[in-house]
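I opened my notebook to record, entry by entry, what I looked up in this structure.

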Amino acid sequence: TKTTVSVLKADVGSVSGHGVAHEALIQICKDALAKAKEESILKDFYVTRCGDDIDLIMTHTNGEDNEEVHKTAFDAFMAATEKARELKLYGAGQDLLSDTFSGNIKGMGPGVAEMEFKERPSDPVIVYCCDKTEPGAFNLPLYKIFADPFNTAGLVIDPSLHDGFKFEVFDVMEHRKVILNAPEESYDLLALLGSTGRYVIKRIFKKNGEIAASVSTERLNLMAGQYVGKDDPAAIVRAQSGFPAAGEVIEPFAFPHLVGGWMRGSHNGPLMPTSQKEANPIRFDGPPRIIGLGFQVANATLIGPVDLFDDPAFDNTRNRAADIADYMRRHGPFEPHRLPSEEMEYTSLPGVLTKLEERFEKMDE
Ligand code: 13P
Ligand code: 13P
Ligand code: MG
Ligand code: MG
Ligand code: MG
Ligand code: MG
């Protein structure tokens, strides 16, 4: 039988604005998943949070897009929302677009990253969870992990990686997708992936079709007929024995690259890797955060995790990210700190333009 790892995530309310998911909400989610484990819907689970987003990491043997598993997550988020309303937490139920479950969680708000695979004799799996950014934040690090030999030594020196990987890329504006091969088409691939607000990596496969990585992109679907834009993403990546080594999967996050998100989902800032405990985006609602959890998947149970960025080797990265945050903040409301107007989650620009319409004067040619 095959094992499925499902990461379903949502922001259902937080303390002090969009800061931190309340412990009571996390406990409610843990209790709900424990019950689903007793009922044999799940084999195992681990609940964490990054900032105001709660991430349900679940293992089972029901495959992807499974109704019972998705309902379990949806009900957990609903129960947590109820508590968030009672505590008057900020953004209670923020990511639940609907209050009834209709078979599949896609299109209902929560983000989903899932993968089904036949377990190897030993199967290291790494889960990343972010806050104050968008799925395109994974484009650069996932490209480096699976296509850049200056990051991943194995692409050059390990015969089991030498063939490269296939990238499934979503065009979130036109609602279509394309599969590109690396290294053969890496320049075409980079031409797309550089546009992080439009083209996002959804999945990566070995050339033989085996799944290697999966990213949550659900809210990028057109929902309720409207482009809903960003969501704080999660990703699952397999490591070792035919995949990049765990250390190669972690290495790109030593560079705090600029990502869209931060304050009001409308600013570029450095992606800061932290421990679970320090995943508190407070300064200007950020800077954007990522946590990494290292598991071994064994008979559909989760061994671990290791809190991957709880490591002094990432102190320099965090210090650099803090310096970059200072530098970017000095731009105030100017691009490229502020996102271009079409990528902002909030904007007063149409109103300002309407107000000023009459005062604009036509200029001579
Ligand atoms: P081991 O020799 O400990 O298995 O490590 C190999 C490896 O992949 C290190 O990156
Ligand atoms: P979240 O997407 O994490 O809820 O943040 C929204 C926001 O506006 C932060 O300033
Ligand atoms: Mg929030
Ligand atoms: Mg969030
Ligand atoms: Mg957000
Ligand atoms: Mg969010």
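The entries below go from the ground rules to the metals, the ligand, a hairpin and the cysteines.

**Ground rules.** I noted that this is a predicted model, in which local features need pLDDT of at least 70 and side-chain atom pairs count only at pLDDT 80 or more, while totals for chains, interfaces and linings use all residues. Residues are numbered from 1 along each chain as its sequence is written, chains are lettered from A and ligands numbered from 1 in the order in which they are written, and side-chain values use heavy atoms, with hydrogens and water left out.

**Entry 1, a magnesium ion.** Which residues coordinate the magnesium ion (ligand 3)? I found Asp11 (OD), His18 (ND1) and Asp52 (OD), at 2.0 to 2.2 Å. Donors here are N, O and S atoms within 2.8 Å of the metal (3.2 Å for Na, K and Ca), and since water is not among the atoms, sites may look incomplete. Along the chain these donors follow the spacing D-x6-H-x33-D. His18 sits in the loop between strand 2 (14-15) and strand 3 (20-21) and Asp52 in the loop between strand 4 and strand 5, so this pair ties together parts that are 34 residues apart in sequence. Strands are DSSP runs of E with at least two residues, numbered from the N terminus.

**Entry 2, another magnesium ion.** I then listed the protein donors of the magnesium ion (ligand 4), which are Asp52 (OD), Asp53 (OD), Asp131 (OD) and Asp232 (OD), lying 2.0 to 2.2 Å from it. Asp131 belongs to strand 7 (residues 123-131) while Asp52 is in a loop, so the pair ties together parts that are 79 residues apart in sequence. What does Asp52 bridge? Asp52 bridges the magnesium ion (ligand 4) and the magnesium ion (ligand 3), which lie 4.4 Å apart.

Asp52 is buried at 1% and Asp131 is buried at 0%, whereas His18, at 23%, counts as partly exposed.

Among the residues surrounding ligand 2 are Asp11, His18, Asp52, Gln94, Asp131 and Trp262, each with a heavy atom within 4 Å of it. An oxygen atom of ligand 2 is 2.8 Å from an N or O atom in the side chain of His18, and the distance is also 2.8 Å for Gln94. Taken alone ligand 2 exposes 300 Å², and the protein buries 92% of that, with areas from the Shrake-Rupley method and a 1.4 Å probe.

Gly261 stands opposite His267 in strand 16. Between the strands are 5 residues, and Trp262 in this hairpin takes a positive phi near 50 degrees. In strand 16 (residues 267-270), His267 and Gly269 point one way and Asn268 and Pro270 the other way, and all are buried.

How many disulfides does a search of the whole structure find? It finds 0, a disulfide being a pair of cysteine sulfur atoms within 2.5 Å. The sulfur of Cys50 has its closest cysteine sulfur in Cys130, at 6.3 Å, which is too far for a bond. For Cys129 the closest cysteine sulfur is in Cys50, at 6.8 Å, again too far. Cys50 is buried at 0% relative accessibility, and Cys129 is buried at 0% as well.

Methods
Buried means under 20% relative accessible area, exposed over 50%, partly exposed in between (1.4 Å probe, protein chains only). Helices (H or I, at least four residues) and strands (E, at least two) are DSSP runs, numbered from the N terminus. Two strands pair if DSSP finds at least two bridges between them. A polar contact is a pair of N or O atoms within 3.5 Å; within protein, one must be able to donate a hydrogen and the other to accept it, and residues adjacent in sequence count only if both atoms are side-chain atoms.
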